[in-house]
Structures are given as C-alpha cells and as structure tokens.
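Here are my notes on the model, point by point. Please read them with the structure open.

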Amino acid sequence: MKDILYKYMSRWTSLSKEDQQAIVNEIRVEEFTNGTVLFNQGDSPTACYFILKGCVRQYSIDEDGREVTSNFYTEEQAIAIFNQHKSDKSSDYTFVCVEDSVMVVGALDKEKDMYTKHPQLETMTRRMIEENFSQVQEEFAAFIASSPEERVKTLLMKRHSLIDRVPQHQLASYLGITPESLSRIKKRIQ
C-alpha cells in the first residue's frame, strides 16, 4: 500500500526519496470494514482520509428522511470536508465504507504541524485539492446538463467499476434516478 503513497507523492511533488520516506513514516494507515461510518452528518470531522483501497459513499438525509448519495470515493481519492466557514464545523454528509477499505488517516489537529515539518506536503495537498475541485466543477456542470441516460453512460465510461462495487439503489440515488429507471437504462444501452 505504501507504494501507492510514493507514486502519488512523486506525481505531485519533487520530494527526495528521503523526504518521502519521512512523511510515509509519520502517516497513519488504517483498515476499515464494510459498513464503517467515518463520520455522520452533523458531526465535526476530526480527520481527513486518502483511500488506498476500497470505496466510501457520501450521502445526506434530505427533509423527507431519504438518503441522497452525492459521491463515491475510490482508490487514490481524498475525503476532506471544507467546513471552516461553519461556526460548528459540522459535516453536511455521512461517509460510510461500502467495501472493506484501507486509508491514510490524517488527524486535522496535527495537519498544521505536518505542513510546518514538511512544507512540500502542503503544496502537494493544495495541488490535489485544486485538481479535485476543477474535476468536481466539470462533473457537476455535465451532470446538471445531462439526461438520466447520459448520466448512466458517463458513469459506465468514467467510473465503470462502481457498477460492481456499489448497490444499485445507491448508484441510482447518485445519478438522481430511481433503481427501476437505472435498470431500464442499463438494459437499453448495453
């Protein structure tokens, strides 16, 4: 698993092998079982995560009490909540493992210390966040402008592995359609 960390650090920074090793030695890697809740909607997160292996679902409970899936995070994706603008720092989402997962866990209260000790880590994190934000903006704009069938086609093209990894009702929620519609669309386009 640490090979993934080295690969990722090499992609985002020009850290020496020694600096990479020093960071990896300080990083906490944990295993989580399917169904583990990382934090609930309304909680104030104390950690951020980087997925080495597995899949995590992001969802919220709407006004009618329904679960609305807004994202899935898989290998080499970071889970971070940007809620510093909120007075209570609470999350608008619940994050739960939908597979057994292995993740880097970063304690938010130690983040500044890590950045002070390893300045290039902060640069790497910023670059990751910028790329992720740009990707999310593009995906959101495309999602809004697309039909349900186009959303399914995009999912099959860009994130096909989710079909086999995630329950159909959660995928349907993520796509903004019913499970029955998802089944019909999948049959029609395959």
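1. Is Glu 76 buried, partly exposed or exposed? Glu 76 counts as partly exposed, at 26% relative accessibility. The classes are buried under 20% relative accessible area, exposed over 50% and partly exposed in between, with a 1.4 Å probe and protein chains only. Glu 76 sits in the loop between β5 (67–73) and β6. Its phi is positive, about 65°, although Glu 76 is not a glycine.

2. A word on the basis. This is a predicted model, in which local features need pLDDT of at least 70 and side-chain atom pairs count only at pLDDT 80 or more, while totals for chains, interfaces and linings use all residues. Residues are numbered from 1 along each chain as its sequence is written, and side-chain values use heavy atoms, with hydrogens and water left out. Helices (H or I, at least four residues) and strands (E, at least two) are DSSP runs, numbered from the N terminus.

3. Next, the open sheet. It has 4 strands in the order β1-β8-β3-β6, with antiparallel pairing. Two strands pair if DSSP finds at least two bridges between them. The edges are β1 (28–32) and β6 (78–79), and each pairs on one side only. Inside the order, β3 (residues 47–53) and β8 (residues 101–107) pair in the antiparallel sense over 6 bridges. Cys 48 has Gly 106 of β8 as its bridge partner.

4. β7 pairs in the antiparallel sense with β2 (residues 37–39) over 2 bridges. Phe 39 stands opposite Phe 95 there. β7 also pairs in the antiparallel sense with β4 (residues 56–61), over 4 bridges. Tyr 59 has Thr 94 as its bridge partner in β7.

5. Met 9 belongs to helix α1 (residues 2–12). Met 9 is buried, with a relative accessible area of 2%. Leaving aside neighbours within four places in sequence, Met 9 is in contact with Leu 15, Gln 20, Ile 23, Val 24 and Met 124. Contact means heavy atoms within 4.5 Å. Met 114 is 105 residues from Met 9 in sequence and 15 Å away in space, C-alpha to C-alpha.

6. Now α5 (residues 148–158) and α7 (residues 168–175). They pack at an angle of about 120°, with axes 10 Å apart. Axes are lines fitted to C-alpha atoms, for helices over the stretch in contact, and angles run from 0 to 180 degrees between N-to-C directions. α5 and α7 are therefore oblique to each other. Angles under 35 degrees count as roughly parallel, over 145 as roughly antiparallel, 65 to 115 as roughly perpendicular and the rest as oblique. Arg 151, Val 152 and Leu 155 of α5 meet Leu 171, Tyr 174 and Leu 175 of α7. By class, this contact has 5 nonpolar, no polar and 1 charged residues. Ala, Val, Leu, Ile, Met, Phe, Trp, Tyr, Cys and Pro count as nonpolar, Asp, Glu, Lys and Arg as charged, and the others, Gly among them, as polar.

7. α7 also packs with α8 (residues 179–189), at an angle of about 90° and with axes 8 Å apart. α7 and α8 are therefore roughly perpendicular to each other. α7 contributes Gln 168, His 169, Leu 171, Ala 172 and Leu 175, and α8 contributes Pro 179, Leu 182, Ser 183 and Lys 186. These residues divide into 5 nonpolar, 3 polar and 1 charged.
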